[in-house]
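User: I have a model open and want to go through its side-chain packing. Can you take my questions one at a time?
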Amino acid sequence: MLKWLLSSYSAMPSKLYLPSIGIGIASAVGMGVLYTLNHVAEASFLHLHVPRLDWPHSGILKSYDAASIRRGYQVYKQVCSACHSMKQISYRHFVNVFMTEEEAKREASEIEVLDGPGDDGKMYTRPGKLIDYLPQPYENDDYLFMLLTGYMDPPAGFPIESNQGYNPYFPNGASIAMTQQLFDDMLEYEDGTPATQSQMAKDVACFLKWASEPEHDIRKRWALKLMAIAPLITSLIYYWKRHQWTYLKSRKFVFKAPRSPSSNE
């Protein structure tokens, strides 16, 4: 069979042979493109891509919004902490960021911590201290914001359980076990800021971003200091290099031909 096909193609005129190959390649490429577009359309229907947002801490010269971090901690404490814990942030990290030392101590004292053993060899509970830890946060502030504000009714025909929510920003099929957690005016901010859903999502995202990277502002301050002194250091190094190598680069080698014997007479 293969031999017959090869003989048929070899017997085909060249004017018909090349267009046949072109049509075959074009058909294969077209089918591949249609298949890809079909799957992309299905994926985009079930999952939305997270947009890039403009955060107060985005950019080299920008730092964390302390007021937003404080409000975000309030949202986390009253809404998120019942299900999500943090293990890498302690109350001492709050000091001089969005709380004074006294405020952080007072905040820590509201929790009960298991400690011990005591003198009697038993464990006991005590009020929290600055050294006690909170839970570990999410990593992506854009994703967290869109996830908290992206809940909606599922499209017609989309299968979803009664105890689940529909969120197109959730990557695994848009059905998520955590139902909507933030609603307008569900709490009152201490500074009087309106507690809208988007405001609470933004503030808790700022707080968790700070919790995942508390050295953010310190690192940027050091970078600015380095950028300020870098020209001076570069100039000194360049001057030292010129000073050390100038005698080598300025040397001249003069070649003098030896005198002939006749010139000595």
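**Rings, charges and contacts**

Analyst: One item to begin with: the charged end of Arg 71 sits over the ring of Tyr 189, 5.8 Å from its centre. Keep in mind that this is a predicted model.

User: And which ring does the charged end of Lys 225 sit over?

Analyst: That of Trp 222, with 5.0 Å to the ring centre.

User: Ok, rings with rings now. How many aromatic pairs does the structure hold?

Analyst: There are 13 aromatic pairs. One of them joins Phe 94 and Trp 210, with 5.8 Å from centre to centre and 50 degrees between the planes, a tilted pair.

User: Where in the chain are Phe 94 and Trp 210?

Analyst: In distant parts, 116 residues apart. Phe 94 is in the loop between strand 1 (89-90) and helix 4 (101-108), while Trp 210 belongs to helix 6 (residues 197-212).

User: Are Phe 94 and Trp 210 buried or exposed?

Analyst: Both are buried. For Trp 210 the relative accessible area is 1%, and buried means under 20%.

User: Why is the pair of Phe 207 and Trp 210 tilted?

Analyst: The planes of Phe 207 and Trp 210 are at 35 degrees, with the centres 5.9 Å apart. Planes under 30 degrees apart would count as stacked and over 60 as edge-to-face, so this pair is tilted.

User: Where do Phe 207 and Trp 210 lie?

Analyst: Both are in helix 6, three residues apart, which is about one turn of the helix. Phe 207 is buried, with 0% relative accessible area.

User: Which residues form one aromatic cluster with Phe 207 and Trp 210?

Analyst: Tyr 73, Tyr 76, Tyr 91, Phe 94 and Phe 98 form one aromatic cluster with them.

User: Switching to Leu 182. Where is its place?

Analyst: Leu 182 is in the loop between strand 6 (175-176) and helix 6. It counts as buried, at 1% relative accessibility.

User: What does Leu 182 touch, leaving out residues up to four places away in sequence?

Analyst: Val 75, Val 79, Leu 148, Gln 197, Met 200 and Ala 201. The C-alpha atoms of Leu 182 and Ala 201 are separated by 7.5 Å, and the two residues are 19 apart along the chain.

User: Last topic. Which residues does the UniProt annotation "transmembrane region" cover?

Analyst: According to the unreviewed UniProt entry, residues 16-37 and 222-240. In the model, residues 222-240 are 100% helix and 0% strand, and the end C-alpha atoms of that span lie 26 Å apart.

Notes. Residues are numbered from 1 along each chain as its sequence is written. This is a predicted model: local features need pLDDT of at least 70, side-chain atom pairs count only at pLDDT 80 or more; totals for chains, interfaces and linings use all residues. Side-chain values use heavy atoms; hydrogens and water are left out. Rings of Phe, Tyr and Trp (its six-membered ring) pair if their centres lie within 6.5 Å; planes under 30 degrees apart count as stacked, over 60 as edge-to-face and the rest as tilted. Helices (H or I, at least four residues) and strands (E, at least two) are DSSP runs, numbered from the N terminus. Buried means under 20% relative accessible area, exposed over 50%, partly exposed in between (1.4 Å probe, protein chains only). A charge sits over a ring if NZ of Lys or CZ of Arg is within 6 Å of the ring centre and within 35 degrees of the ring normal. Contact means heavy atoms within 4.5 Å. UniProt positions are given in the numbering used here, feature names are shortened, and annotations may be inferred rather than shown by experiment.
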